[in-house]
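Open the model in your viewer, keep the selection panel handy, and follow along one stop at a time.

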Amino acid sequence: MITASHNPIEDNGVKMVEPDGGMLPQAFEPIATELANCSSDEEVASVLRDRVMASAPAATSGAHGAHATAPVARGALTVLVGHDTRPSAPALMAAALAGVHAMGVHAHSCGCVTTPQLHFLVYIANHPTGSPAAAVPAAQAAAPATGPVSPPLQSYYDTIVGAFLTLMEEHQQQQQQQQQQQQQPPAGSSSSSSTTTAAISTSPADTVYVDCANGVGAAQLQPLVPALAGVGIRLQLRNTGLGAAAGLLNCKCGADFVQKERLPPSDFADVPAGARCCSVDGDADRLVYFSPAAGSSGGGSGSSGSSSMGLWDGDKVAMLAAVFIRDLMSQLPAELMEGVQVCCVQTAYANGASTAYLRDVLQLPVVCTPTGVKYLHEAAHGADLGLYFESNGHGTVLFSARLRERLAAVAGSHPAARQLLLLSRLINQTVGDAISGLLLVELILRRKGWSLAQWQGLYTDLPSRQLKLKVPDRTSITTADAERVCVSPAGLQEAIDAIVAKVPQGRAFARPSGTEDAVRVYAEAGSQEAADALAREVAQAVYDLAGGVGPRP
Ligand SMILES: CC(=O)N[C@H]1[C@@H](OP(=O)(O)O)O[C@H](CO)[C@@H](O)[C@@H]1O
């Protein structure tokens with residue numbers, strides 16, 4: 001992960017690589033020269049992708065190995081570089097630092113960080129006076145009692161965990177006050193004040209089992225364990241990438257595995273049925289919740305698991321956030337919210353039932369963009385409140401500066417405004433973030449007093465199926481209308497339309513993957529059998545019309 005800041009960080013504990021430092025491994029000198037001659041972002045990204053990653057020993061196929069945003073005016077730039085937990089990380093890191101160094105640009109190593117943490121650090125570097133939600137005075141957020149945190153990341157935990165704890169503690173105090181009012185002795189009788197000073201968390205801790213995908217999220221979630229225990233949430237971290245699992249990111253675990261396979265991850269066989277579990281992915285920018293069904297076993301067991309495992313994917317997280325934020329906004333005076341633009345952003349993979357819930361039940365505007373966070377983020381960024389999530393669990397909620405200023409102006413007199421401001425600190429404003437997402441979900445469920453079943457009950461997903469297939473040249477398939485319509489090869493869309501027309505509540509589309517040499521097919525229908533059959537039939541049509549020969553393998 002490489003990303004650029006236009007303001008050098010003077011001193012926040014990160015390691016600075018001076019242009020004359022001796023960081024350039026000999027093997028990378030030719031690449032460094034190539035990087036030094038790049039004149040655009042695209043060229044830098046392309047060199048890093050094609051040359052550096054290809055040269056790095058043991059580089060895996062991970063999508064998050066390296067990305068770059070790059071020089072505008074080289075002298076004013078600082079490049080922040082972070083890495084993940086794979087064995088290839090040191091080589092990639094050295095190559096990246098060498099490339100940046102060769103361009104005469106300062107580089108900071110942020111060490112092992114999640115992708116969203118790195119985005120957050122870049123934001124802080126560019127906005128030295130405040131966090132992404134600086135409109136909330138720091139004093140309003142509790143200082144989090146986290147476990148040990150590396151210095152550059154302190155601001156991340158202060159902002160995000162601090163806001164979470166403030167909101168949780170306020171909620172628990174309100175609950176205690178309500179309980180006391182209910183138990184109030186008759187007027188005139190003496191009462192003990194001991195209950196008012198009782199520990200905030202009086203109920204036994206709820207356990208949340210977290211699948212860390214053997215990735216970087218494990219180390220970054222660890223500091224949260226003591227902080228969350230203080231408000232009654234016991235995090236139990238699994239698939240932490242230790243021992244034999246070192247570097248096995250997303251292997252039979254992680255958000256993508258759980259969401260696509262609909263199976264519990266490896267090392268969850270002993271987790272009780274119905275338990276609250278969540279999965280992040282290897283770089284901790286995606287989050288899904290799940291709950292093992294009776295008799296299901298983890299992805300590492302070789303068992304087929306259980307089809308009735310409960311899954312709360314990115315769509316479900318988005319709906320939970322939408323309900324909560326909409327409730328808070330509705331508590332504010334209408335004139336304050338006048339002209340505030342809300343936009344919910346989804347892709348074609350969003351379950352049709354979630355889109356209908358947003359539009360018809362919550363009455364919020366929804367737009368569909370092509371797959372890929374860059375499209376969703378851009379669309380959400382244009383609104384005052386932009387909520388975007390991919391079904392795979394990547395997403396966030398963006399609060400515009402204009403909205404935060406409006407809320408800050410009335411925060412003293414309107415608790416809902418203050419809470420929305422705190423939410424804008426809790427929610428990573430730079431990119432989808434599994435850690436921030438976990439805190440958001442836990443906060444909302446507790447504030448609403450909801451179980452997983454109540455969350456699931458917001459709406460019922462249409463049965464769906466995703467599959468992928470190989471064709472001789474996936475670029476022969478082109479799409480339009482946010483990837484929902486195939487433009488080429490000729491006749492494919494007509495074939496899909498004819499197949500879909502036969503299926504009650506049917507919807508299907510095919511698109512070339514941007515990250516794999518494959519074509520992805522998505523189908524949904526009134527029953528699981530119909531969705532499975534629809535996906536298979538559409539895949540066969542794609543295969544036939546895109547140059548496949550014989551029956552689809
Ligand atoms: C269906 C699906 O999950 N597609 C993923 C996947 O993109 P594809 O272009 O479908 O390969 O990887 C992207 C990057 O991580 C992610 O943004 C996207 O949601």
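In what order do the four strands of the open sheet lie? The order is β11-β10-β12-β13, and the pairing is mixed. Strands here are DSSP runs (E, at least two residues) and helices are runs of H or I of at least four, numbered from the N terminus; two strands pair if DSSP finds at least two bridges between them.

Before selecting anything, note that this is a predicted model, where local features need pLDDT of at least 70, side-chain atom pairs count only at pLDDT 80 or more, and totals for chains, interfaces and linings use all residues. Residues are numbered from 1 along each chain as its sequence is written.

Stop 1: Zoom in on C344 to find its bridge partner in β11, V366.

**Stop 2: the helices on the sheet.** Show residues 314-330, helix α9, which packs on the sheet and touches β10, β12 (385-389) and β13. Then show residues 373-381, helix α12, which touches β10, β11, β12 and β13. Contact means that C-beta atoms, placed from the backbone, lie within 7 Å. The direction of α9 makes about 160 degrees with that of β12, and about 160 degrees is also the value for α12 and β12. For these angles, axes are lines fitted to C-alpha atoms, for helices over the stretch in contact, and angles run from 0 to 180 degrees between N-to-C directions.

**Stop 3: the domains.** Colour domain 1 (2-112), domain 2 (315-430) and domain 3 (464-545) separately; the bounds come from an automatic or database domain assignment. The centres of domain 2 and domain 3, taken over C-alpha atoms, are 30 Å apart. Where they meet, nine residues of domain 2 are in contact with nine of domain 3.

Technical notes: Contact = placed C-beta atoms within 7 Å.
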